[in-house]
Amino acid sequence: MRDLLNLTINAAHAGAEVLTRRVNDMGEVRMKSTQVDVVTDADVASGVAVAQAILAKLPTARFVIEEEEVHELAGAPRGTLSDEEVWVIDPLDGTTSFLHGFPCYSVSVALLRHGVPVAGAVHNVPADETIAAAADLGATRDGAPVHCEGAASLTEAMLMSGFPYDRGATLDRQLATLAAFMRVPIHGMRRDGSAAVDCTHVACGRADGFWEYNLQPWDTAAGVIILREAGAMVTDINGEPWSTDATGIIAANPALHVQMLDVIRRIATDE
């Protein structure tokens, strides 16, 4: 497992090197699902670098990659989230931040076995730091152990979240949830545009809890194993164990997680 963890970290670094080179040369900017969901040529180039770094060591590796064209360009075979073993990659989590020059975006790489993350790395590119973990090996930031340590009460907590590309009902739910947390009141709220980085902030104790609706497995798979190995409780938005079918996430230390889930469930009941 140690070798696989090192490969995960090295692959994330390969993607990060591309993004660092292309920060002022991101190439064509295209829209995906909506006018606010964008992809750049730099996203794709990062994905190619990540996949090729893995294939150089594991020629039979299979992949689920956010940017579909990476599969052809990197010669990376398509896998499924239920495969015996599959690499799940977000080559640029935080494209909007990257596009605007806001200093928080990341490369997220995870290895899943039968749908369960067993190794993961998130490289926060502007901060030049890597948070990584593998099953039973603990979580680290640039090689030093990290632990999920934070407030045990919402009234002492700083939380993190994000806002959906869907600016309809999902946004309404998110705004209602945000208002409910702010009225607890929590200490504060932060939003930096990369769900993968948000997961690592909780794992490292920089934030106390994180929730978000409408996420994809490549947004959270690496973060999930990092959070678990750091001692956090991680579930889907309904409080069920996280799986690749999850469309949202709640992560915090166990005491705080219960309180966050209670707020989110009250919002769901009110809808």
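Student: What makes A252 the bridge partner of G209 in a strand pair?
Tutor: In this predicted model, A252 of strand 14 is the bridge partner of G209. Strands here are DSSP runs of E, at least two residues long, numbered from the N terminus. Two strands pair if DSSP finds at least two bridges between them. Strand 12 (residues 209-213) and strand 14 have five bridges, so they pair. They run antiparallel.

Student: Why is strand 14 called mostly covered?
Tutor: Buried means under 20% relative accessible area, exposed over 50%, and partly exposed in between, with a 1.4 Å probe and protein chains only. In strand 14 (residues 248-252), five of five residues are buried. Both faces are covered. One side holds G248, I250 and A252, and the other holds I249 and A251.

Student: Why is T95 called buried?
Tutor: T95 has 7% relative accessibility, and the limit is under 20%, so T95 counts as buried. T95 lies in helix 4 (residues 95-100). Helices are DSSP runs of H or I with at least four residues.

Student: What makes the link between T95 and D43 a polar contact?
Tutor: A polar contact is a pair of N or O atoms within 3.5 Å; within protein, one must be able to donate a hydrogen and the other to accept it, and residues adjacent in sequence count only if both atoms are side-chain atoms. The side chains of T95 and D43 are joined at 2.7 Å, so the distance passes. The T95 side chain also reaches the backbone oxygen of L92 at 3.3 Å.

Student: Which residues does T95 contact, leaving aside neighbours within four places in sequence?
Tutor: V38, V39, T40 and D43. Contact means heavy atoms within 4.5 Å.

Student: What are the ground rules?
Tutor: Residues are numbered from 1 along each chain as its sequence is written, and side-chain values use heavy atoms, without hydrogens or water. Local features need pLDDT of at least 70, side-chain atom pairs count only at pLDDT 80 or more, and totals for chains, interfaces and linings use all residues.
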